[in-house]
Amino acid sequence: MGGFREAKILVVGGAGFVGSNLVRLLLGHAPEKVLVVDNLLSSERSNLPDNPLVDLREGSITDDAVLDSLSDDLDYVFHLATYHGNQSSIHDPLADHENNTLTSLKLMDRLKGFSNLKKLVYSSAGCAVAEKTFGPARATTEDDPVSLVQDSPYSISKVVGEFYCVYYHRQHGLPAVRARFQNVYGPGEVLGAGRWRGTPATVWRNVTPTFVYKALQGEPLPVENEGVASRDFIYVEDICRGLMACALKGGPGEVYNIASGRETTIRELADLINELTGSTSGVAFLPPRPWDHSGRRFGSTEKSLRELGFSATVDLREGLARTIAWTRENLPRIDQCIEKHRKNLGA
């Protein structure tokens, strides 16, 4: 992927889990500069590598001063900023709008006249398109219909961001490419990173890091609805390679699933993590989440393989083993982030 050599790159949300992993990969391609804009709402400054090529501007991309500071010499923009998670968005839809929908609109409106820009890659979400079913899943394709029935403001915001990508491409020629994420996991996701956002989901943000952390603590893994729901788990390095492929090979106006194409139930995930960590604490069954109707899903990989040459390479067992090793090494840092929220968690 030599196309990033000597390039000027903006990563919005670049101090987050996926963003910081992407920054590290981009640095391996000898860019001229990687500009990171992040308000550290759900991330930490320490996530970013200490590298002179990385320029962190702390603030929201909705801030007019931050937007005005962007110059028309950017080659690539990766828009990864979001209001992290379904449950946080349900708790505070207005905050989700401010940090999810509005970020996308204001960024695209600022970039619409940039003549040097080769590609804007927007991070969307497979959950916003997948059929809401607990029946047998089929691979969700890029041209599946988008339902008006959504489970959370988060998924609504992600769909609206796609609408704006299409609009700004058709109306203004913005070279926007939509990357539909599946469930990303891997090293670098710090439980409790950032500021309190009103619910315990601030800490217990995604299923994989939560399960890994609790298994290493010898706690039973909290499994809702007997673990019958399924997801498409994709390793973070694969997601980042997919984002880079979207930037270099993606067609402006197009959308691509960045997926493993494999369905794994939550119960299977819990059992595998307990096995790999050596935990004997098992699982604790909890009731279904009342808001979550997206029961079983996984993404089709055909289009991204055909048009981008992208396929995920890290299988779930290997990816989890790497994630567990990273978590063990970083437990003091993770505990420190969790401790910031202890009072809010009611402990």
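**Close-up views of a predicted model**

A search of the whole structure, a predicted model, finds six aromatic pairs.

**View 1. Phe4 and Phe78 form a tilted aromatic pair.** Their ring centres lie 6.4 Å apart. The planes make an angle of 45°. The two residues are 74 residues apart, so to speak of the pair is to speak of a link between distant parts of the chain. Phe4 sits in the segment before strand E1 (8-12). Phe78 belongs to strand E4 (residues 76-79). Are these two residues buried or exposed? Both Phe4 and Phe78 are buried.

**View 2. Tyr167 and Tyr168 form an edge-to-face pair.** The ring centres are 5.1 Å apart. The planes meet at 85°, and over 60 degrees counts as edge-to-face. Tyr167 has 40% relative accessibility, so it counts as partly exposed. Tyr168 is buried, with a relative accessible area of 5%.

**View 3. The charged end of Lys214 sits over the ring of Trp204.** The distance to the ring centre is 4.1 Å.

**View 4. Strand E1 is largely enclosed by the rest of the structure.** Why is E1 described in this way? Five of its five residues are buried, so the strand counts as largely enclosed. In a regular strand, side chains alternate between the two faces of the sheet. Lys8, Leu10 and Val12 point one way from E1. Ile9 and Val11 point the other way. All of these residues are buried.

**View 5. E1 runs parallel to strand E2 (residues 33-38).** How many bridges join E1 to E2? There are five. Leu10 has Leu35 as its bridge partner in E2. Between the two strands, the chain passes through helix H1 (residues 17-27). This β-α-β crossover from E1 to E2 is right-handed.

**View 6. E1 also pairs with E4 in the parallel sense.** Four bridges join E1 and E4. Which residue of E4 is the bridge partner of Ile9? The partner is Tyr76.

How values were computed
Residues are numbered from 1 along each chain as its sequence is written. This is a predicted model: local features need pLDDT of at least 70, side-chain atom pairs count only at pLDDT 80 or more; totals for chains, interfaces and linings use all residues. Side-chain values use heavy atoms; hydrogens and water are left out. Rings of Phe, Tyr and Trp (its six-membered ring) pair if their centres lie within 6.5 Å; planes under 30 degrees apart count as stacked, over 60 as edge-to-face and the rest as tilted. Buried means under 20% relative accessible area, exposed over 50%, partly exposed in between (1.4 Å probe, protein chains only). A charge sits over a ring if NZ of Lys or CZ of Arg is within 6 Å of the ring centre and within 35 degrees of the ring normal. Two strands pair if DSSP finds at least two bridges between them. A crossover is right-handed if, with the strands pointing away from the viewer, the path from the first strand over the helix to the second runs clockwise.
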